[in-house]
Amino acid sequence: MKNQFFKSACAVATALTVAAGSFTLPLSIPATTANAASITSLFAGGKGTQKNPYQIKTVKQFSNIGKNKTTLKAHYVLKNDLNLKNKTFKSIGRVTGKDMMKGDFSGSFSGTFDGKGHTIQNVTIVQEKNEMGSGLFDVTTGTVKNLKLKNMKASSKAGSRYASCGVGMAYGGTISKITLSGKNSVRGVNCVGGIVGGLWGATVKNCNASGVTVTLEGNNNFLDGLLIQQDEAECGGIIVGGGFTGIVTGCKATGIVKASGNEPVGMGGVAGCLQCMDSVIGNTANVTIQAKNGHAIGGLCGYAGVGDDGDGTVQAPALIKDNHVTVKITADGATHVGGLIGTGLYYFGMEDRFNVVDCSVKGSIDGATTPGTVAGRATNSIITSCNTDVTVNGEKSDVQIGTTSQLYQSSDQYEDGSKEAAAILLKNLEGSYTPLFETLCKDEYDALWMKYAEMSVGKENARATVDALKHSMLGTLTGPEAEKAFKDKPDAIQFNCGFLSGMTTFKVDGNVISGYDKNGKELFSHTYTFEKLVTTAEGMGFYSYHTTEANAGEYEYFLLAGDTPSTTYHTEFRHGSNPDELVKLMTGSYAYWLSAGISKDADAAMIDNCIRLFVIENTKKQ
């Protein structure tokens, strides 16, 4: 089977290298007297301090906030309404992708802007070259408050991450009492929101957006069933596009969230995602969501929750409290769809969890696959006191949690080969396994093989493709015997993917690995310790575990691939007494043998997903 070893795409939507809570905000550097006088002339009065902020009365003065790094650190008050009469406006501040990767936010707005209830209206925001996002403000690390926005247009270009009518990205700081009304539109490929595009460690509170159409652009292709974030067509919401850590509370959202392409991910009324937030409290939404074959979709947010956020500490589930939504979701073929929350994200080796309390959902969900009136998937999460009045495909439903079987995965996981990743692997492998292909190749599943082969290679080639795939994994020869048989005969090559030495059941329980014969007799049982990550000449990675217990024989070393039932629906492993030989796939003592197992308790969905993965991954164009 093609290696799925910790398959990774791009980083989770923000791709920041500086952890939330540890970033350093730009320091205020006093201007010289000459500079201070020069800067003062840019505005209508004031000194730029908190007690005596610069006054803004014109569009030109407003744009002067981004004049230089000194003006970006000052404090401001808006004295008049501003009407740009549909003229274009360049975002205040400038932070590039390179700046963000270095943790350099000196080009962000780090001061305070108080709108004093005034309105900025009729604006078309344009994005500058290499700028990470678009909004009235590009990136903020300070405070924007008490501002009304009306009739706004914004978009981000391909390769950029954030777009909104207000703040492209809020990295720390506070965004409060921002009102967006009139007719507004915002478009982009990643973190697209009405008031805030991307949010990292910031507080967004008491904001109100109406008359907003948010459009996610771009396409994804998750035909193999592995839903791993791609930073494309990802995270759209009426208040916030994508929120990662921080607070979103007391906000009201009304509008449309839609996708222009195929398989968008992370769509919601208040936000596309509210992930790694300890609590999400007191928000309301009235939203129409439209998607084709999308994933992680909800009336409040597409995904939410906390778990292990990368430091090895498992946190208590997020509290989702006092949120109330009216939703109309039209999402043909979509998965992870809920009236309130789509799903938790599989992040650093576990699914994020959330507890829903005192919430309500009204509306309809049409076209989605196994949706829930509250959540599409909610592993280890609890829902209490949540009132629902939701129809699914036209019929009233009381199913609060959907039955989506696939994980929705972040590409951010523990570093390959780390002790944390090795520990998570064993944890996620706990259980008993039987030989994979003995199960998948039963006649009763042939229709599934044909279904996915037709999707990948066409109907006319499906039968031959299926027969070839099955044949390739049902070999009986291993080691030197297999080498001799397949020498100079590439068309005859077969891998033996069964269990050897009479083992019919393989079991993982913590650090103990055991094997049993067909009668249930224990063949071995040892405690194993992770040693290192090893890679074969063919590029396949394995976690190598070793036991020092006596008489381990051919079970002294276990090499486990990164596949688990929850991530790729199966497991792959090798075992033996010679670690140098075990990293050889096509030569040596263990040539042409790679055990593949499926959970002893595999249900129909897991079998379906496993066949799909195997067929698509081994037939798609390279």
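Below is a short exchange on how some labels in this predicted model are assigned.

Reader: What kind of model is this, and which rules apply to its features?

Author: This is a predicted model in which local features need pLDDT of at least 70, side-chain atom pairs count only at pLDDT 80 or more, and totals for chains, interfaces and linings use all residues. Residues are numbered from 1 along each chain as its sequence is written, and side-chain values use heavy atoms, with hydrogens and water left out.

Reader: What is the mean pLDDT of the protein?

Author: The mean is 91, and 93% of the residues reach 70 or more; pLDDT is the predictor's confidence in each residue, from 0 to 100. Over residues 1-34 the pLDDT is below 50, although this stretch has 96 contacts in the model beyond near neighbours in sequence. Contact means heavy atoms within 4.5 Å. Where pLDDT is low, the predicted coordinates should not be read in detail.

Reader: Why are strand S22 and strand S26 called paired?

Author: Two strands pair if DSSP finds at least two bridges between them. Residues 265-268 (S22) and residues 295-298 (S26) have three bridges, in the parallel sense, so they are paired. Strands are DSSP runs of E, at least two residues, and helices are runs of H or I, at least four, numbered from the N terminus. Gly 268 has Gly 298 of S26 as its bridge partner. Gly 298 in turn has Gly 338 of S30 as its bridge partner, and S26 runs parallel to S30 (residues 335-338) with three bridges.

Reader: What about strand S27 and S31, which have two bridges?

Author: The rule asks for at least two; S27 (residues 301-305) and S31 have two, so they pair, in the parallel sense. Cys 301 stands opposite Ile 341 in S31.

Reader: Which sheet has antiparallel pairing?

Author: An open sheet of nine strands, in the order S41-S40-S39-S38-S46-S45-S44-S43-S42, is antiparallel. Strands S41 (522-527) and S42 (529-535) are at its edges, and the twist averages 30 degrees from one strand to the next. Within it, S45 (residues 571-576) and S46 (residues 595-599) are joined by three bridges, with Glu 572 opposite Ala 596. Helix H4 (residues 419-429) lies across several strands, including S38 and S43, at about 85 degrees to S43.

Reader: How is the crossing of H6 and H10 described?

Author: The axes of H6 (residues 446-457) and H10 (residues 604-617) come within 9 Å and cross at roughly 40 degrees. The crossing is right-handed, a label for a near helix turned clockwise from the far one by less than a right angle, with anticlockwise giving left-handed. Among the residues in contact are Trp 449 and Tyr 452 in H6, and Ile 611 and Phe 614 in H10. By class, the contact has eight nonpolar, one polar and two charged residues.

Reader: Why is the pair Asp 446 and Arg 463 called a polar contact?

Author: The term covers N or O atoms within 3.5 Å; within protein, one must be able to donate a hydrogen and the other to accept it, and residues adjacent in sequence count only if both atoms are side-chain atoms. The two side chains are at 3.0 Å, so the distance meets the cut-off. Asp 446 is in helix H6.

Conventions: Axes fitted to C-alpha atoms, helices over the stretch in contact; angles between N-to-C directions. Nonpolar A, V, L, I, M, F, W, Y, C, P; charged D, E, K, R; others polar.
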